[in-house]
Amino acid sequence: MILHVAKRRYVSRDVNRVLVEHQTFGERLADRVAQLGGSWGFILVFTGMLVAWVVVNTVVLARAGAFDPYPYIFLNLILSMVAALQAPVILMSQNRQAARDRMSAGLDYEINLKAEVEIMASHDKLDRIRMARLEGMLADQSTRIEAFAKAVGAGAEKATRP
């Protein structure tokens, strides 16, 4: 960080770009599954599949021997397996989001730190400019006071001479 400030380099980085550079296939897959599983499209399609399963096994196949009759035990097994697989994947995605938030906070801290250092440098520069200006004004005023003192002194000598 200090080298970036000293060399006047930018420290801001895009969090998404930094994470994509280090992302594995499994992490990308977990993000996609979590994105799909948390969408209205998934809910609607999954609900449609459940309704179709119940209708097919209750109405259509009832005469010929349903594949999974009324308590739908096989359907419950499938739903349990989907939940068992989907939950850890969603947790992985949430962990990645937490890591993304931590990285974002770290990058924000670096930018804030550089901004603070730059502000301090600007204050120091302004203080030096003000001090130089005040010293110039004091020197100018000292010169004027000396010139005034000489003029007053010369005028006093003329007044005391007959």
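This is a predicted model: local features need pLDDT of at least 70, side-chain atom pairs count only at pLDDT 80 or more; totals for chains, interfaces and linings use all residues.

Student: Where do E27 and R96 sit in the chain?

Tutor: E27 is in helix α3 and R96 is in helix α5 (residues 73-160), so the pair ties together parts that are 69 residues apart in sequence.

Student: Are they buried or exposed? Start with E27.

Tutor: E27 is partly exposed, at 27% relative accessible area. R96 has 13% relative accessibility, which counts as buried because the cut-off is under 20%.

Student: What about D31, how far is it from R96?

Tutor: D31 also forms a salt bridge with R96, and there the closest N and O atoms are 3.1 Å apart. D31 belongs to α3 and R96 to α5, so this pair links parts 65 residues apart in sequence.

Student: How many salt bridges does the structure hold?

Tutor: Four. One of them is between D140 and R144, whose closest N and O atoms are 3.4 Å apart. Both of those residues lie in helix α5, four residues apart, about one turn of the helix. D140 is partly exposed with a relative accessible area of 38%, while R144 is exposed at 58%. Back at R96, shared partners join E27, D31 and R96 into one network.

Student: Which residues of α3 are buried?

Tutor: A30, D31, A34 and G37. Looking down the axis of α3, those buried residues fall within an arc of 140 degrees, so they line one face of the helix.

Student: And which exposed residues are on the face turned away?

Tutor: That face of α3 carries F25, R32, Q35 and L36.

Student: New topic: which residues make the nonpolar surface patch?

Tutor: V51, V55, V56, V59 and V60 make it, and the patch covers about 390 Å². V60 lies in helix α4 (residues 40-60).

Student: Last one, the whole chain. How many helices and strands are there?

Tutor: Five helices and zero strands. Of the chain's 162 residues, 12% count as buried. The chain exposes about 13100 Å², with carbon and sulfur atoms supplying 66% of that. Among contacts between residues at least 6 apart in sequence, 67% join residues at least 24 apart.

Definitions and conventions. Residues are numbered from 1 along each chain as its sequence is written. Side-chain values use heavy atoms; hydrogens and water are left out. Buried means under 20% relative accessible area, exposed over 50%, partly exposed in between (1.4 Å probe, protein chains only). Helices (H or I, at least four residues) and strands (E, at least two) are DSSP runs, numbered from the N terminus. The arc is that of the directions from the helix axis to the C-beta atoms. Patches are made of residues with over 30% relative accessible area and no salt bridge: like charges are joined within 9 Å, nonpolar side chains (Val, Leu, Ile, Met, Phe, Trp, Tyr) within 5 Å. Accessible areas come from the Shrake-Rupley method with a 1.4 Å probe; for residues, only the protein chains shown count as cover. A salt bridge is a side-chain nitrogen of Lys or Arg within 4 Å of a carboxyl oxygen of Asp or Glu. Contact means heavy atoms within 4.5 Å.
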